[in-house]
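Subject: Structure handover

Hello,

Here is the structure for your files. My notes follow below it.

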Amino acid sequence: MSLKTLWIGALAAALIAGPMAAAVHAQPKEMFVPLLVYRTGPFAPSGIPIANGFVDYFTLVNERDGGVNGVKLTWEECETQYKTDLGVECYEKLKGKGPTGAALVNPYSTGITYQLIPKAAVDKVPVFSMGYGMTASADGRWFPWVFNFPTTYWSQASAVIRYMAQQEGGTEKLRGKKIVHIFHNSPYGKEANPTLEELSRRLGFELTLLAVDSPGQEQKATWLQVRRINPNWIFLSGWGVMNQVAVKEAAGIGFPMDHFIGNWWSASDADVIPAGEGAKGYKGATFHAPGTGFKVHADLFKFVYDKGKGAGKKEGVGEVLYNRGVVNAMLSVEAIRTAMTKHGNKPLTGAEVRWGFENLNLTEPRLEQLGMKGFTHPVKVTCEDHEGAGPVMFEQWDGKKWNIVSDWIPVMRDVVRPKLEAAAVEEGKKLSYTERDCAKEK
Amino acid sequence: MLEVDGRFFVLLMSNGILIGLMYSLIALGFVLVYKATDAINFAQGEFVMIAGFVVAVCLVAYGAPLWLAVSAGLLGMVGFGFGLERVMLRRLIGRPIIAVVMATIGLAAILRGVGPLTWGAETKPLALPISDEPFIVGPLFIPPIQLLGASVSLVFLGVFGWFFLKSRKGIAMRAVADSQQVAMAMGINVERYFALAWAMTGVVSALGGVIWGSMLGVDVHLSLVGFKVFPVVILGGLDSIPGAILGGLIVGVVENVAAGYVDPYVGGGTKDFAPYVLMILALMIRPYGIFGKKIIERV
């Protein structure tokens with residue numbers, strides 16, 4: 001081969017490879033996260049702060065840190081109105097978007113979660129239903145693509161009973177006490193019932209289950225029954241307008257509000273404000289703090305709101321459901337970051353992010369680095385345990401704001417986990433899943 | 001076996017009656033429009049919601065005194081009713097009934113979007129200067145807000161009943177509803193009476209918005225009270241004010257008895273569908289309702 005031929009060959013190669021290399025280089029260093037939101041419809045008062053918290057945290061990561069290890073986060077909101085059919089449509093529309101497809105999906109509705117569980121496993125997109133959705137999916141051996149940490153409805157119910165026992169002066173003091181569970185008459189609302197029934201048998205309290213049909217704007221008859229039963233404690237698993245009406249009704253019958261506890265979807269600002277003074281003393285379970293007293297909020301103001309990039313009004317920062325959106329986004333980001341430790345600092349696929357979720361170990365020092373020490377609790381996820389069985393704390397409305405009034409209350413894992421594992425087998429078999437051997441994945 | 005406790009039964013009945021009268025107030029808005037214009041307003045719940053938003057925003061955002069906020073709500077809704085008739089509904093006069101039905105369904109969707117978009121989706125309190133302490137009289141347990149709501153309903157049901165039966169304008173409105181052509185031939189200004197009917201619906205919606213808004217808080221959920229209108233007016237009769245009262249009472253009582261005695265045994269669910277079972281039965285047995293005119297056309 002002559003020198004001339006070599007030169008021509010080299011030139012041709014350069015001409016062909018140059019644009020290709022440039023194309024590879026030009027591929028955006030971005031990861032896409034679909035956001036299923038409900039800013040409209042009857043549940044918008046709850047959906048808006050959650051969506052704002054989510055978007056603001058992603059904006060913060062991009063603005064303050066330049067993305068996750070240099071990979072910018074991109075997202076697109078899709079309006080579900082909290083409707084399952086629209087949620088599935090949104091998922092189908094967005095799952096392939098972005099250079100590597102959807103990194104994960106947060107369904108933000110138990111109904112949508114149930115529909116996405118079989119789809120996401122096929123599409124290899126991890127479903128992150130933080131504190132909602134199918135409780136049984138916490139068993140990662142049966143549901144490798146679903147994550148519902150930091151804790152589930154069943155665990156929450158056990159922590160609520162433990163808290164009531166604490167307030168009464170010990171578990172044995174619950175014997176003979178009357179507890180009423182008022183629940184949204186839907187799969188979500190009924191989630192806590194089996195756990196409460198089990199605990200009623202074990203601890204000897206008298207449990208009454210009262211269903212309220214959706215939407216629940218008229219529930220006077222339910223509260224007349226409560227008045228007749230005259231319970232020591234009420235636990236509320238409501239949603240939307242049902243919550244605010246329940247709080248008003250409880251105040252109306254003169255029930256002591258400090259013995260009325262809502263689950264974490266029944267204790268937001270929107271649930272208490274309409275009841276005015278009557279809501280004072282009402283309590284709620286939560287896995288994160290309310291308010292703006294954390295470094296992450298200072299960062300949100302500095303890097304997001306002061307630059308005019310906030311998703312909502314500045315006054316909304318720190319609301320209970322806003323903070324939930326922030327926590328949800330943070331856990332998603334940390335799962336992506338964990339996945340990068342194995343797969344490199346590049347845009348990752350859903351399958352790669354799934355590994356990050358399953359190996360997430362969010363420690364106290366890491367929370368401190370994130371400006372969230374005390375805001376939420378550490379989480380460790382494993383192949384078997386996608387819940388983490390994190391503790392729950394309790395907040396109380398003082399008429400103007402929510403205040404934390406308890407330590408972290410541990411859940412009753414000995415009660416919940418065996419039932420959860422049995423339910424996972426049942427639910428897994430319904431979907432023709434087989435059990436994973438986690439020992440082989442370590 | 002259903003356990004019947006007399007005291008509890010009385011409580012459920014009294015609550016059903018009070019709530020039923022409050023449903024009647026919302027149904028009255030529906031009946032007024034039907035009675036005068038032969039049109040079916042599927043946006044009644046959304047009218048209530050918009051009225052609630054106006055009053056709550058005046059109270060919360062502008063710090064207006066209650067009388068001013070309620071006046072703004074009343075005037076706003078009267079203006080809204082007039083405007084709606086002028087801009088949209090007048091163009092539909094003489095068109096098939098389905099055109100008005102579809103227009104009001106569309107209007108409902110628009111209002112559900114426009115309300116939160118304009119005033120924010122967060123729940124707004126609408127506090128009335130009345131105590132939350134219930135009146136306890138023997139076995140009765142009566143929340144003041146319900147007593148107020150029921151009283152307002154009765155007063156306005158009486159006023160509008162008188163208006164339609166005794167006043168010249170009311171009789172003219174009935175004539176318009178019977179036959180627009182004949183009414184025109186008799187020299188009645190049909191368009192003016194249509195506008196008046198929608199304005200009256202605005203007044204009723206504003207009152208409903210204040211009463212229900214103070215019970216539920218004001219957000220897009222408030223429009224859901226409109227769903228209760230349908231069993232109420234089908235049972236009572238689409239064009240009958242006494243029918244709205246009776247229909248409301250039946251729905252209120254049935255809901256409460258179902259919630260108190262059936263729901264605990266079947267795990268819930270009967271309270272909300274029981275009125276619709278009655279509604280279907282009414283359509284099968286007496287399709288024009290208890291007090292309705294036999295010629296009523298349904299859609």
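Predicted model: local features only at pLDDT ≥ 70, side-chain atom pairs only at ≥ 80, totals over all residues.

Domains of chain A

Where the two touch, domain 1 of chain A supplies 28 residues and domain 2 of chain A supplies 27. On the domain 1 side, the elements giving two or more residues are α2, α12 (320–343) and α15 (413–430) of chain A. Of these, α12(A) gives the most, with five residues. Sorted by class, that side of domain 1 has 11 nonpolar, 13 polar and four charged residues.

Chain A as a whole

Chain A has 15 helices and 13 strands. Its radius of gyration is 24 Å, close to the 22 Å that the globule rule gives for 442 residues, so chain A is as compact as a globular protein of that length. Along the principal axes, the C-alpha atoms of chain A fill a box of roughly 100 × 50 × 40 Å.

Contact between chains A and B

Chain A puts 29 residues into its contact with chain B, and chain B puts in 32. On the chain A side, α2 (44–65), α8 (220–229) and α9 (241–252) are the elements that give two or more residues. By class, this side of chain A has 14 nonpolar, 10 polar and five charged residues.

A helix pair in chain B

In chain B, the axes of helix α2 (residues 44–60) and helix α8 (residues 190–216) come within 7 Å and cross at roughly 65 degrees. The two helices are therefore roughly perpendicular to each other, and their crossing is right-handed. The contact between α2(B) and α8(B) has nine nonpolar, seven polar and no charged residues. From α2(B), the residues taking part include B:Phe47, B:Val48, B:Met49 and B:Val55, along with B:Gly52. They meet a stretch of α8(B) in which B:Gly202, B:Gly208, B:Gly209 and B:Gly213 are among the residues in contact, as are B:Val210 and B:Trp212.

Regards

Conventions:
Residues numbered from 1 in each chain as written. Chains lettered and ligands numbered in written order. Contact = placed C-beta atoms within 7 Å. Helix = DSSP H or I, 4+ residues; strand = E, 2+ residues; numbered from the N terminus. Nonpolar A, V, L, I, M, F, W, Y, C, P; charged D, E, K, R; others polar. Axes fitted to C-alpha atoms, helices over the stretch in contact; angles between N-to-C directions. Parallel < 35°, antiparallel > 145°, perpendicular 65-115°, else oblique. Left-handed = near helix turned anticlockwise from the far one by under 90°. Rg over C-alpha atoms; globule rule 2.2 N^0.38 Å.
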